[in-house]
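Okay, thanks everyone, let me get this up on the screen.

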Amino acid sequence: MIPFDYRRPGNPAEAVATVIDHEGAAFLGGGTNLVDHMKLGITEPRMLVDVSRLPLDRVTETAGGGLRIGATVRNSDLAAHPWVRRNCPVLSRALLAGASPQLRNTATVGGNLLQRTRCPYFQDLTTACNKREPGSGCAAIGGYNRDHAVLGASEHCIATHPSDMAVAMLVLDAAVVTLGPGGERTLPLAGFHRLPGDAPHRDTVLEHGELITAVELPQLPFARRSAYRKVRDRASYAFALVSVAAALELEGGTVREIRLAFGGLAHKPWRARLAEEALRGAPATEESFRHAADVELAAARPRDGNAFKVPMARNTLVSVLRGLVNGAERVRTDRTEEDR
Amino acid sequence: MDARITLHVDGDERPLTLDTRVTLLDALRDRLSVTAPKKGCDHGQCGACTVLLDGRRTLSCLTFAVAQDGAEVVTAAGLASYDGEPHPVQRAFLENDALQCGYCTPGQICSAIGMLAEAASGHPSHATPELADAGGRDGPGGGPGAPGGPDGARRTTAPVVLDDAEIRERMSGNLCRCGAYVNILAALRDHGATGVTA
Ligand SMILES: Cc1cc2nc3c(=O)[nH]c(=O)nc-3n(C[C@H](O)[C@H](O)[C@H](O)COP(=O)(O)OP(=O)(O)OC[C@H]3O[C@@H](n4cnc5c(N)ncnc54)[C@H](O)[C@@H]3O)c2cc1C
Ligand code: FES
Ligand code: FES
């Protein structure tokens with residue numbers, strides 16, 4: 001690890017100015033990803049600008065009935081927030097499916113969005129990786145690629161994005177608020193993470209020195225009926241092979257509104273818009289769910305090691321939607337009993 | 001680059017000058033000779049380095065000491081009372097044979113204490129039923145909200161019932177290569193049932 005200077009700015013504007021003024025400076029959140037990468041030599045900042053104590057640790061309801069989540073809110077506190085648990089269980093469940101309790105106590109919302117791939121070649125300096133070292137190649141193509149992408153990959157990179165939280169936020173139509181050299185801007189989360197293309201070293205559209213200050217969730221009443229399912233190699237403390245986030249609104253037996261996203265399948269959290277389109281107005285049956293999953297996954301291009309992800313993604317999606325429909329039925333039954 | 005910081009470790013004020021590259025774990029072990037927290041993996045994957053940082057369980061291997069200037073750190077070595085009486089969680093580990101080689105144990109114990117406090121303040125885990133399931137009335141489409149807690153800033157909902165599934169999930173951030181899990185579970189089951197947190 002190369003020597004670095006450490007700064008603790010007092011406010012967001014000072015944090016942005018400090019990073020812009022110093023070449024090789026990086027923001028430090030909880031450090032659970034960045035410190036690891038500095039130990040591994042993946043990144044070598046010459047200055048850390050600690051933003052973890054900035055006054056961005058509030059969760060507040062917005063005038064429009066949504067939620068504004070400060071960038072330094074800890075993952076565990078967001079998962080426990082009563083508004084989140086009540087109005088969008090998908091987000092609480094996704095957070096609680098990620099990492100470990102100790103890590104969630106430290107990890108921030110901003111850092112979670114910007115965590116980098118867990119591709120083993122990205123973490124191993126002795127191998128080729130276009131994400132770590134542009135132009136060096138991709139050892140995962142033709143190598144170990146069990147954990148890798150089946151959607152939206154390129155011949156330059158087949159890494160996946162590891163965040164669970166971001167997959168849930170995607171179905172909630174979240175927006176990322178940033179402060180950068182050009183002032184404040186609000187980016188839809190759907191356009192925040194990039195596909196690899198020929199520049200896989202860039203995970204997101206953020207510019208150097210651009211600070212995430214908040215994530216905003218609009219009001220989405222039907223997200224009360226939402227769920228997150230994560231399939232992994234062990235019951236806890238493991239990254240997703242495949243995950244599904246879903247929010248569903250039914251009208252009788254028909255899908256009125258729906259939001260779907262996959263984790264573990266692509267270089268970014270993957271909003272399943274084709275599946276959503278196929279389901280809007282369709283009967284809420286297993287058959288429609290299976291069809292919708294197939295429509296979305298028709299573009300999948302699996303590699304030697306990860307072909308299992310395609311049926312796994314389809315089955316998980318179907319199972320999550322079936323669970324949401326059954327849950328709705330159960331709630332209705334409960335009500336009837338209550339009314340008696 | 002050197003930085004001058006002060007850590008409060010197990011009740012003592014410990015000023016020190018160290019390179020910014022030193023993690024909290026290395027500062028504790030190598031600079032302050034507080035060797036209770038262990039280095040299992042140094043990459044956030046095992047939990048052996050768990051300490052209570054300003055009251056919350058945290059991995060000391062993934063934070064730089066300089067970023068914790070002024071913090072209150074409690075390690076497993078600082079849990080006994082002044083007259084040497086072990087902490088109730090430490091006693092439960094002893095009584096239940098909840099260790100074999102002992103390497104993961106200081107991390108397990110700090111993690112367990114943090115875990116009991118989180119559960120008492122209503123923090124959910126992946127094993128906790130959703131509010132809708134728990135209440136049965138707070139389902140999609142309406143119903144009363146979760147009871148907001150007046151007692152304590154982090155209190156969010158009713159205390160969690162620590163059954164075996166909850167304890168396993170909540171302790172899943174601490175690996176044990178000896179496989180002492182069965183007795184760790186037994187030690188913590190006592191606490192879950194009696195609600196002992198301190
Ligand atoms: C063993 C292990 C298992 C894990 N398992 C999971 C899992 O199952 N699911 C999952 O989702 N995650 C998992 N994680 C990852 C964890 O969620 C992330 O490490 C964490 O969310 C990162 O947050 P942080 O605040 O610590 O970020 P940091 O490490 O501080 O920062 C990460 C990046 O974000 C930048 N940054 C931080 N804050 C800001 C900001 N406000 N504005 C702009 N840039 C910023 C930093 O410069 C850095 O590039 C795991 C981690 C470990 C170590
Ligand atoms: S040494 Fe910190 S988690 Fe393993
Ligand atoms: S007791 Fe040996 S590692 Fe847990």
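So, how far apart are the end C-alpha atoms of α3(B), and what should its residues span? At 1.5 Å a residue, the 16 residues should span 22 Å, and the end C-alpha atoms are 22 Å apart, which agrees. The expected span there is 1.5 Å times one less than the number of residues, and helices are DSSP runs of H or I with at least four residues, strands runs of E with at least two, numbered from the N terminus.

Quick housekeeping: this is a predicted model, where local features need pLDDT of at least 70 and side-chain atom pairs pLDDT 80 or more, while totals for chains, interfaces and linings use all residues. Residues are numbered from 1 along each chain as written, chains are lettered from A in written order, and side-chain values use heavy atoms, without hydrogens and water.

Back to α3(B): 14 of its 16 residues are buried, meaning under 20% relative accessible area with a 1.4 Å probe, protein chains only. After the helix comes B:Gly122, with a positive phi near 90°.

Now the interface. 54 residues of chain B contact 51 of chain A, contact being heavy atoms within 4.5 Å. There are three salt bridges between the chains, that is, a Lys or Arg side-chain nitrogen within 4 Å of an Asp or Glu carboxyl oxygen. One of them joins B:Glu130 and A:Arg93, at 3.8 Å, N to O. On chain B's side, β4, α3, α4 and α5 each supply at least two residues, and β4(B) gives the most, with four.

Conventions
Buried means under 20% relative accessible area, exposed over 50%, partly exposed in between (1.4 Å probe, protein chains only).
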